[in-house]
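Take a moment with the model before reading on. The paragraphs below walk through it step by step.

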Amino acid sequence: MAHTTAELEELLMQRSLTDTQLQAAAAAAPDFRILPEATVIKIGGQSVIDRGRAAVYPLVEEIVAARKQRKLLIGTGAGTRARHLYSIAAGLNLPAGVLAQLGASVADQNAAMLGCLLAQYGISTVDGAGLAALPLYLAEVSAVIFSGMPPYKLWMRPPADGVLPPYRTDAGCFLLAEQFGCKAMIYVKDENGLYTANPKTSKNPTFIPKISVDEMKSAGLHDSILEFPVLDLLKSAQHVRQVQVVNGLVPGNLTRALAGEHVGTIITAN
């Protein structure tokens, strides 16, 4: 049932914010995509940036060329240094919120380094309040860099088990893509995509070019290529209903994915 703005406002004034009818009325409001032409790219920390110049420089070249035709929001992962910090902090019995702050500091460092490499092209690194200027950056230079860790910090939701932050850089980049109503979400990793087993440790695993969230979960692959919570975020998303995972170590893969080619693995909401 459609509700007018006046009816929705009346419900908001009279009902609890958890009221079922109010929730349904709010959900029925028309969707609005803030940056519908932009694509979010997540550059993996451990998979790409930690490999240094050999992995990062070719991607920088692809990004510089691609932004002539595309609008890009480039998020950075945390990687090996964050894992080292997590191991120390967890050993000290520190909570998930503190680990989230530590992980964010590494993703920030990676964003800063990528920002330095792209500075000569006018591509800036933004965070916090700077995200409000995204439309201006995209209009002027068609690209911007951000730290992929969601800014929950001490307000990070504790996981059911352990203390590792459940929402990390994969989730942070997806959330940005979804909230801005972006065109696509591309994860740049160091594997060709999703396999039936870990290709780094298993012999002859089968490559999976396309799969749904439910199929991944039923096959026990829900925690194999992306952070587990990303699948639930994708399942409930309004705008970004699929994500693409590509091997950024293969020159041209990112460019092909940005052009809409089915390279790597596509994970769909349903």
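Predicted model: local features only at pLDDT ≥ 70, side-chain atom pairs only at ≥ 80, totals over all residues.

How do strand 9 and strand 10 run, parallel or antiparallel, and how many bridges join them? They run antiparallel, and four bridges join them.

In general, strands of a sheet pair through backbone hydrogen bonds, either parallel or antiparallel.

Strand 8 pairs with strand 10 (residues 265–268) in the parallel sense, over three bridges. Here Ile211 stands opposite Ile267 in strand 10.

Next comes strand 9. Five of its six residues are buried, so strand 9 is largely enclosed by the rest of the structure. Strand 9 also pairs with strand 5, in the parallel sense and over four bridges. In that pairing, Lys189 has Asn247 of strand 9 as its bridge partner.

Is Asn247 buried or exposed? Asn247 is buried, because its relative accessible area is 8%, and the cut-off for buried is under 20%. The contacts of Asn247 include Lys189, Asp190, Glu191 and Asn192. Asn253 is touched by Asn247 as well.

Move across to strand 1 and strand 2. Strand 1 (residues 38–43) pairs with strand 2 (residues 71–76) in the parallel sense, over six bridges. Ala38 stands opposite Lys71 in strand 2. What unit do these two strands make with helix 3? Strand 1, helix 3 (residues 53–66) and strand 2 make a right-handed β-α-β unit. Strand 2 is mostly covered, with five of its six residues buried. Strand 2 runs parallel to strand 4 (residues 143–147) too, and five bridges join the two. There, Gly75 stands opposite Phe146 in strand 4.

Now look at the nonpolar cores. The largest has 49 residues. Which residues have the most contacts inside it? They are Leu73, Phe174, Met185, Val243 and Ile267. Helix 7 (residues 169–179) gives the largest share of this core, six residues. Among the residues Met185 touches are Val40, Ile41 and Lys42. Its contacts also include Cys173, Phe174 and Ala177, along with Val240, Val243 and Gln244. A second, separate core has 26 residues, including Ile49, Ile63, Leu118 and Ala143.

Helix 1 (residues 5–14) packs on helix 2 (residues 20–27) at an angle of about 145 degrees, with the axes 10 Å apart. Helix 1 passes helix 2 in a left-handed crossing. On the side of helix 1, the contact is made by Leu8, Leu11 and Leu12. Helix 2 brings Gln21, Leu22, Ala25 and Ala26.

Technical notes
Residues numbered from 1 in each chain as written. Heavy atoms only, no water. Pairing = 2+ DSSP bridges. Buried < 20%, exposed > 50% of the residue type's maximum accessible area, 1.4 Å probe, protein only. Right-handed = clockwise from strand over helix to strand, strands pointing away. Core = buried A, V, L, I, M, F, W, Y, C linked by side-chain atoms within 4.5 Å. Contact = heavy atoms within 4.5 Å. Axes fitted to C-alpha atoms, helices over the stretch in contact; angles between N-to-C directions. Left-handed = near helix turned anticlockwise from the far one by under 90°. Lists of a residue's contacts leave out its neighbours within four places in sequence.
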